[in-house]
Amino acid sequence: MAWISKNWAMTGIMKGLIVTLKHIFHIGNRPLVTVQYPYEKMKLAPRFRGRHSVDQDACIGCGICEVSCPNGTIRIVKYNGRWFPEFNLGMCLFCGLCVDACPMNAIKMNGGYELANYSRESLVYGPERILFKKEVNK
Amino acid sequence: MIANAYELVVYILSAIGIYDPINGFFQNYGMEYLLRIIIIVVEIVVLLVFVLLTVMFLSWLERKMFAWVQSRYGPMITGPHGLFQPIADGIKLVGKEDIIPAGADRWIFTLAPFIIFVPALLVFIPLPFGDSLIISDLRIGLLYIIAISALSPVSILLAGWASNNKYSLMGAMRAVAQDISYTIPLALAAIAVVLYVGSLSTVDIVRAQEGTWFDIIPRWFIFVQPLAFILFLIASIAEMGRIPFDFQESEQELVAGFYTEYSGMKFAMYFLGEYAHMFAVSGVIVTVFLGGWTGPVLPFIPVQITSLVYFIIKTYAVIFFAMWLRDTVPRMRIDQLLNLGWKIMIPLALLNLLVTSFLLTAGVV
Amino acid sequence: METDELLLNMGPVHPATHGVLRFKLRMDGEIIRDCEIVMGYLHRGTEKLGEMKTYLQFIPYTDRLDYLSAMPNNYAYVKAVEELADIEVPLRAEYIRVLTLELNRIINHLVFMGSLILDLGANTAIMWGFREREKALQLYEMLCGARMTFSYMRIGGVREDLPEGFIPKLNDFIKDMEKRIVDYEQLINGNEIFLLRMKNIGVINADEAINYGMTGPSLRGSGVNYDIRKLEPYSIYPDIDFKACVRKECDSYARYLVRMDEMKESLHILRQVADTMPAGDIITTQKYGIAPMTGAPSAVMTYFPRIFTPPVGEVYTRTEAPKGELGFYVVSDGTTKPYRVKIRSPSFCNLVALPKMIVGLKIPDLIAAFGTIDIVLGDVDR
């Protein structure tokens with residue numbers, strides 16, 4: 001086998017062994033980078049597109065978000081005498097088109113990525129779960 | 001001179017002064033063989049517990065080192081730095097459903113995982129853990145070790161055949177082909193050492209490595225027989241079935257090879273068997289080439305304890321190398337592996353044997 | 001000795017098929033005599049969905065084609081629509097687009113490297129690849145709020161401007177990557193076993209590769225200098241200094257090296273783009289666009305009309321996605337929805353050349369050759 005006569009010194013493997021050894025003992029800026037997820041969470045960027053929330057005062061229930069949603073996630077429902085969007089997150093693409101389309105800038109997508117649940121029904125986020133009241137700075 | 005662990009126990013008991021009364025008690029009933037049996041059973045239980053604990057620790061170490069290489073933490077939650085993770089895994093595996101595929105040969109399928117444990121444990125019998133810490137110093141110790149560890153493909157072939165799965169069968173066939181081609185260079189490399197020592201007994205091999213040259217270099221056979229050591233090491237890693245030679249599993253090609261269909265406790269048996277085998281093979285490498293239990297003698301500490309510590313340190317060094325290698329290199333291809341075995345390692349081993357025997361006959365060494 | 005042929009089904013669920021792909025292999029022992037690729041397990045009807053959605057609404061679906069490199073998909077579709085409607089894109093938007101595209105090329109090649117080495121049996125490199133990918137994904141998260149399915153491109157520009165502190169973080173990433181690539185090369189490039197597995201495996205010469213319709217790094221590994229960024233320059237690529245990476249060996253190792261070179265080249269492009277980022281609008285204000293809403297709480301958000309009707313016509317545009325030529329054929333009938341969307345995906349066209357490469361070799365070679373073609377099943381089945 002010609003291969004072994006050329007490669008009997010295995011210099012490539014030696015080099016690789018040195019690199020992995022450096023990683024085992026974290027030599028030269030090769031730290032452990034993972035986080036212990038459920039106990040320790042990473043910081044999210046401010047623009048992170050997570051679960052929706054709707055500004056209670058700004059929303060006018062116009063239904064533009066319903067039309068602009070590519071996947072039919074949004075439905076306008078009546079809640080406390082007014083019309084608000086209801087999000088079926090099981091179908092949501094988290095694309096942010098509803099946020100862009102909202103003429104009143106009422107829809108926000110921030111935080112909330114731990115959305116796993118036991119039933120499909122519980123993925124439907126009605127107004128009672130997504131509305132928030134903006135604090136007015138005076 | 002204490003020859004083995006049984007005599008060591010007798011010596012300790014006599015030193016405390018309770019051996020004679022106990023022996024006398026059994027002699028009254030004409031059953032002194034019962035005492036021998038009890039002592040031997042205790043020895044074997046201690047060995048089993050030791051091996052199982054080591055195996056658990058090894059599986060933790062493997063995962064931890066693997067994680068460090070990959071810049072991960074690895075298991076951290078169960079116990080300090082995840083030290084009890086193997087126990088948690090064991091409990092989980094015991095609780096899993098034990099699936100036997102419909103087309104499988106039920107008896108062989110169930111039997112195969114237990115067969116793999118037998119050779120992995122029997123190898124420990126003539127393996128000296130320390131000065132006089134040996135179950136039985138067989139006169140054919142090394143031959144016994146090589147013969148017994150060549151038994152493990154039997155279990156793999158049974159498992160692969162009984163699973164009635166094409167991937168399992170291919171994995172099993174590969175394992176057998178690999179084992180046959182690597183046991184030969186393994187044995188040939190060991191024979192060079194045996195010629196040098198003039199005995200197959202593992203204790204004799206270790207005793208021959210005691211002392212130093214020029215008070216610095218230990219008289220280990222790695223320095224006398226470097227080529228044999230490299231061949232033995234490569235063949236041993238192939239015997240362990242680890243990357244770069246893990247063809248019996250070869251996850252990316254054959255799903256999981258011979259244990260594709262196994263689950264639950266049977267899977268755990270294979271898992272434990274693999275690590276027990278790894279520990280045994282590393283121990284053999286240390287015994288044959290790295291001086292076994294030998295090392296500087298310390299004052300005030302019994303030689304049995306220091307020798308055990310030396311042996312374990314050396315064994316872990318070999319295991320560390322095997323794990324380190326696993327984290328670095330990809331898997332070879334099966335035909336390349338067989339080429340390496342038959343076309344390179346066996347001729348080299350024969351050449352090494354020839355040169356060694358020539359030098360021995362000429363009286364050079 | 002007489003032997004029977006063995007029919008081996010590899011997949012649809014198999015560790016090395018990168019998803020749900022099935023090979024029907026006719027084996028003689030371990031040697032592959034014939035290979036038939038069965039695909040379609042991940043078919044989602046994306047092209048049909050394109051006819052059902054408005055031009056803007058289809059952008060999130062393009063994310064799901066090649067989910068490892070969503071940005072080039074976004075871009076290819078948006079570029080097609082822009083050509084259809086003849087929309088001018090502001091210079092800053094083009095710079096941001098190229099920045100995201102090249103960042104995505106690096107991400108894609110990192111995953112390629114990791115999964116290839118994993119397929120060959122070495123488990124370390126994949127986590128190294130994912131470690132650096134995570135940093136790039138954090139950049140994306142800063143930029144557009146998503147880590148894989150960006151839907152960041154908009155017709156006529158991009159969705160949001162660069163956030164504060166983005167360029168310094170990008171420069172950190174570039175510096176870090178340069179060091180890490182040295183590590184990868186030390187681990188992989190010289191490794192004798194790796195070379196043994198990759199060299200002269202999966203050979204496909206230039207003519208065959210062209211006949212099979214291979215594109216991208218896989219084709220450039222066969223010695224064909226075919227880079228759409230050079231041949232048919234688009235966006236700001238004419239102004240940027242970079243070279244197309246070509247290797248002549250035609251084997252798996254050449255295809256791997258091309259991608260490693262491309263990663264360095266992409267870093268080079270990123271550095272130039274980050275240094276010369278111009279100021280200006282990030283979305284067109286030409287005829288369809290409306291300027292960002294004044295007084296809106298989040299002024300970074302741009303606004304493009306939901307209802308957008310390009311003139312009647314058809315267009316085919318091609319771009320150099322990380323995996324090869326990504327083309328979108330869009331037909332407009334003057335309504336708010338496209339009449340037809342056809343996607344020419346690089347993974348699909350590259351994959352069909354696989355049987356040519358591996359007949360006569362062994363299963364491990366199939367894995368190695370398959371890994372170097374670098375496919376994503378979402379892109380193959382659409």
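Is Tyr270(B) buried or exposed? Tyr270(B) is buried, with a relative accessible area of 2%, where buried stands for under 20% relative accessible area and exposed for over 50%, with partly exposed in between (1.4 Å probe, protein chains only).

The views show a predicted model, in which local features need pLDDT of at least 70 and side-chain atom pairs count only at pLDDT 80 or more, while totals for chains, interfaces and linings use all residues. Residues are numbered from 1 along each chain as its sequence is written, chains are lettered from A and ligands numbered from 1 in the order in which they are written, and side-chain values use heavy atoms, with hydrogens and water left out.

**View 1. The pair of Tyr262(B) and Tyr270(B) is edge-to-face.** The ring centres of Tyr262(B) and Tyr270(B) lie 5.2 Å apart with the planes at 70 degrees; rings of Phe, Tyr and Trp (its six-membered ring) pair if their centres lie within 6.5 Å, and planes under 30 degrees apart count as stacked, over 60 as edge-to-face and the rest as tilted. Tyr262(B) counts as buried, at 5% relative accessibility. Over all chains, a search of the whole structure finds 35 aromatic pairs.

**View 2. Five Phe residues of chain B form one aromatic cluster.** The members of this cluster are Phe50(B), Phe124(B), Phe129(B), Phe279(B) and Phe311(B).

**View 3. Chain A contains five helices and six strands.** Helices (H or I, at least four residues) and strands (E, at least two) are DSSP runs, numbered from the N terminus, and along the sequence of chain A they follow the pattern α-α-β-α-β-β-α-β-β-α-β. The radius of gyration of chain A, taken over C-alpha atoms, is 25 Å, whereas a compact globule of 138 residues would have one near 14 Å. Of those 138 residues, 44% count as buried. Chain A carries 18 positive and 10 negative side chains, with the centres of the two sets 11 Å apart; Lys and Arg count as positive and Asp and Glu as negative, His and the chain ends being not counted, and each charge is placed at NZ of Lys, CZ of Arg, CG of Asp or CD of Glu.

**View 4. Chain C has 15 helices and eight strands.** Its radius of gyration is 21 Å, close to the 21 Å that the globule rule gives for 382 residues, so chain C is as compact as a globular protein of that length; the rule is 2.2 Å times the number of residues to the power 0.38. In chain C, 65% of the 382 residues count as buried.
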